[in-house]
Every structure is written in structure tokens, then in C-alpha cells.
Amino acid sequence: MNGTIKSITFLLTTTISLSGLADPSAKVENEKKVNAKCYVELVGGGETISLWRIQPSLLKSLKRSIIGQEILVIGTHKKANIYRAKECVLEEDKFKNVRARLIDKDLPR
């Protein structure tokens with residue numbers, strides 16, 4: 001009886017310890033990255049499309065995470081900081097915002 005209790009305790013402890021290996025954050029690290037684009041407003045004025053390579057699960061939080069980031073403004077060879085991200089989508093998707101679609105259409109790729 002005493003040996004059975006020790007065996008059950010060992011199995012439970014091992015199971016609980018190993019369950020930490022299935023950490024959800026590890027899934028994010030193993031995701032294949034995708035291209036995304038964001039319609040952004042720059043510090044000091046101006047709007048552009050910024051391009052990003054991210055994990056798909058991070059797309060929803062991309063708008064918040066890029067604020068303040070310094071980017072190279074495509075076509076100007078100048079750097080600027082992002083003041084506000086208005087919309088982020090996967091690269092192959094279309095923006096909902098009409099102005100963003102116009103800017104995106106004119107971007108060299």
C-alpha cells in the first residue's frame with residue numbers, strides 16, 4: 001500500500017513537471033513567420049505603410065507593439081518614428097482604409 005502511494009505521488013509529480021514543457025509561448029517561437037503591413041502615422045506628420053515579418057499569432061497585437069518604433073520610410077531613405085498604427089493586415093490582404101490602399105498601391109516592392 002505504501003509503495004502504491006509513493007508510485008502515484010511520483011507519477012503525479014512527474015506529470016505536473018512535464019506539463020510545463022508544453023508551454024504555449026513555445027508555440028509562438030515555432031510558428032513560421034509571415035509578412036504583415038501596417039498603415040501608420042509618423043511622428044511629425046505623414047503617413048506610410050510599414051512592413052513587418054512576424055508570427056501570425058502576433059498580428060492582433062502588432063498595432064500596439066510598433067508604436068514608437070523607428071522605421072525607414074520607403075522611397076525617402078529617411079528614418080521616422082511611428083506615432084500611431086491605424087491598421088495592420090497580412091501582406092497579401094487589402095486594407096479597409098481607402099487612403100491606406102492608395103498608399104499601398106504606390107509602394108515599390
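**A tour of the salt bridges**

Start by selecting Glu-47, which is partly exposed, with a relative accessible area of 28%. The model is a predicted one. Show the side chain of Arg-99 as well: Glu-47 and Arg-99 meet in a salt bridge, with N and O 2.7 Å apart. Colour the chain by secondary structure and this pair is seen to link distant parts of the chain, since Glu-47 lies in strand β2 (residues 47–54) and Arg-99 in helix α4 (residues 98–106), 52 residues apart. Arg-99 counts as partly exposed, at 47% relative accessibility.

Salt bridges with shared partners join Glu-41, Glu-47, Arg-84, Lys-86 and Arg-99 into one network.

Next, centre on Glu-41. A salt bridge connects Glu-41 to Arg-84, and their closest N and O atoms are 2.9 Å apart. Arg-84 has a relative accessible area of 41%, so it is classed as partly exposed.

Stay on Glu-41 and turn to Lys-86. Their side chains form a salt bridge at 3.9 Å, N to O, which falls within the 4 Å cut-off. Here too distant parts of the chain are linked, Lys-86 being in strand β4 and Glu-41 in strand β1, 45 residues apart. Lys-86 is partly exposed, at 27% relative accessibility.

To finish, zoom out to the whole structure, where a search finds five salt bridges.

Methods: Residues numbered from 1 in each chain as written. Predicted model: local features only at pLDDT ≥ 70, side-chain atom pairs only at ≥ 80, totals over all residues. Heavy atoms only, no water. Buried < 20%, exposed > 50% of the residue type's maximum accessible area, 1.4 Å probe, protein only. Helix = DSSP H or I, 4+ residues; strand = E, 2+ residues; numbered from the N terminus.
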